[in-house]
Each structure stands twice: as C-alpha cells, then as structure tokens.
Amino acid sequence: MYPAPHRSPEEKFIDAVNKRIQNQSAPTNLQTLRKIAGYSQRVLSEKSGVNLRTLQQYELRAKDITKASGRSLSALSKTLGCRMEDLLEYAMNEAD
C-alpha cells in the first residue's frame, strides 16, 4: 500500500555532516601520541625537526598527515617512540 520507507537526501546529508563534525572534534593520533609523550607542539617540533606550523596543521587536520613525507613521519615516529603507521589517520567510509 505504502512505498518502502527510505531516507530522504536531506537526512543522508545531515548524517554525513554530523559524522564529519564528530570526526573533526576527535583528537588526531599525532596529538594523542604527543600528549602521551608529554611534549608540547614546540618541543616536538624542536626534537623531530618538523616545522611547528606543519605539526599544528596536522593536529587541526588542515593538512593531511597521510600525505606527509616519509622523512617527516620517520622523524615524528622516532621522537614519539611509535611506528609511522600509528601517526596516520584513516577515513571511515560507510556506504549507505
């Protein structure tokens, strides 16, 4: 009698935006590992040799850390005592 229930395009859009906002508010792996190590952004920059502004952009997700140079990832991972893979952020794509 009635068509099968479905989600309107507006609801899908709102869900996608909400997921994105939640993901943006969560700390990055870099920020979490830096805080565990007890370093400020400035100290991590000095110890690793990675530019302070670049670190800030990675933590704000203004720059994609998955596109960082191997040299930068290596320096950060050695300084933080972790694997390079631990610094990367992976997008969770859900197919609706």
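Is Asn51 buried, partly exposed or exposed? In this predicted model, Asn51 is partly exposed, because its relative accessible area is 46%, which lies between the limits of 20% and 50%. Asn51 sits in the loop between α3 (41–48) and α4. A polar atom of the Asn51 side chain lies 2.8 Å from the backbone nitrogen of Arg53. Asn51 and Ser72 are 21 residues apart in sequence, and their C-alpha atoms are 9.3 Å apart in space.

The nonpolar residues come next. In soluble globular proteins, nonpolar side chains tend to be buried together. The largest nonpolar core here has 15 residues. Leu30, Ile65, Leu76, Leu80 and Leu87 touch the most other members. Helices α2 (29–37), α4 (52–60) and α5 (70–80) each give two or more residues to this core. The largest share, 4 residues, comes from α5. Leu87 has contacts beyond its sequence neighbours, among them Leu30, Leu33, Ile65, Leu73, Leu76 and Leu80. Asn29, Ser77 and Cys82 are also touched by Leu87.

Two packed helices are described by the angle between their axes and the distance between the axes. The axes of α2 and α4 come within 7 Å and cross at roughly 115 degrees. Helix α2 contributes Leu30, Gln31 and Arg34 to the contact, and helix α4 contributes Leu55, Tyr58 and Glu59. By class, 3 of these residues are nonpolar, 1 is polar and 2 are charged.

Side chains of opposite charge can pair when their charged atoms come close. The structure holds 3 salt bridges. One of them joins the side chains of Arg34 and Glu59, at 2.6 Å from N to O. This pair links distant parts of the chain, with Arg34 in helix α2 and Glu59 in helix α4, 25 residues apart. Arg34 counts as buried because its relative accessibility is 7%, under the 20% limit. Glu59 is also buried, at 9%. Beyond its sequence neighbours, Arg34 touches Glu59 and other residues, including Tyr39, Leu44 and Leu80.

A salt bridge also joins Glu89 and Arg61, at 3.4 Å from N to O. Glu89 lies in the segment after α5 and Arg61 in the loop between α4 and α5, so the pair ties together parts that are 28 residues apart in sequence. Glu89 is partly exposed at 22% relative accessibility, and Arg61 is partly exposed at 21%.

Asp86 and Arg83 meet in a salt bridge of 2.9 Å, N to O. Asp86 is partly exposed at 27% relative accessibility, whereas Arg83 is exposed at 52%.

Key. Residues are numbered from 1 along each chain as its sequence is written. This is a predicted model: local features need pLDDT of at least 70, side-chain atom pairs count only at pLDDT 80 or more; totals for chains, interfaces and linings use all residues. Side-chain values use heavy atoms; hydrogens and water are left out. A nonpolar core is a set of buried Ala, Val, Leu, Ile, Met, Phe, Trp, Tyr and Cys residues joined through side-chain atoms within 4.5 Å. Buried means under 20% relative accessible area, exposed over 50%, partly exposed in between (1.4 Å probe, protein chains only). Contact means heavy atoms within 4.5 Å. A polar contact is a pair of N or O atoms within 3.5 Å; within protein, one must be able to donate a hydrogen and the other to accept it, and residues adjacent in sequence count only if both atoms are side-chain atoms. Axes are lines fitted to C-alpha atoms, for helices over the stretch in contact, and angles run from 0 to 180 degrees between N-to-C directions. Ala, Val, Leu, Ile, Met, Phe, Trp, Tyr, Cys and Pro count as nonpolar, Asp, Glu, Lys and Arg as charged, and the others, Gly among them, as polar. A salt bridge is a side-chain nitrogen of Lys or Arg within 4 Å of a carboxyl oxygen of Asp or Glu. Lists of a residue's contacts leave out its neighbours within four places in sequence.
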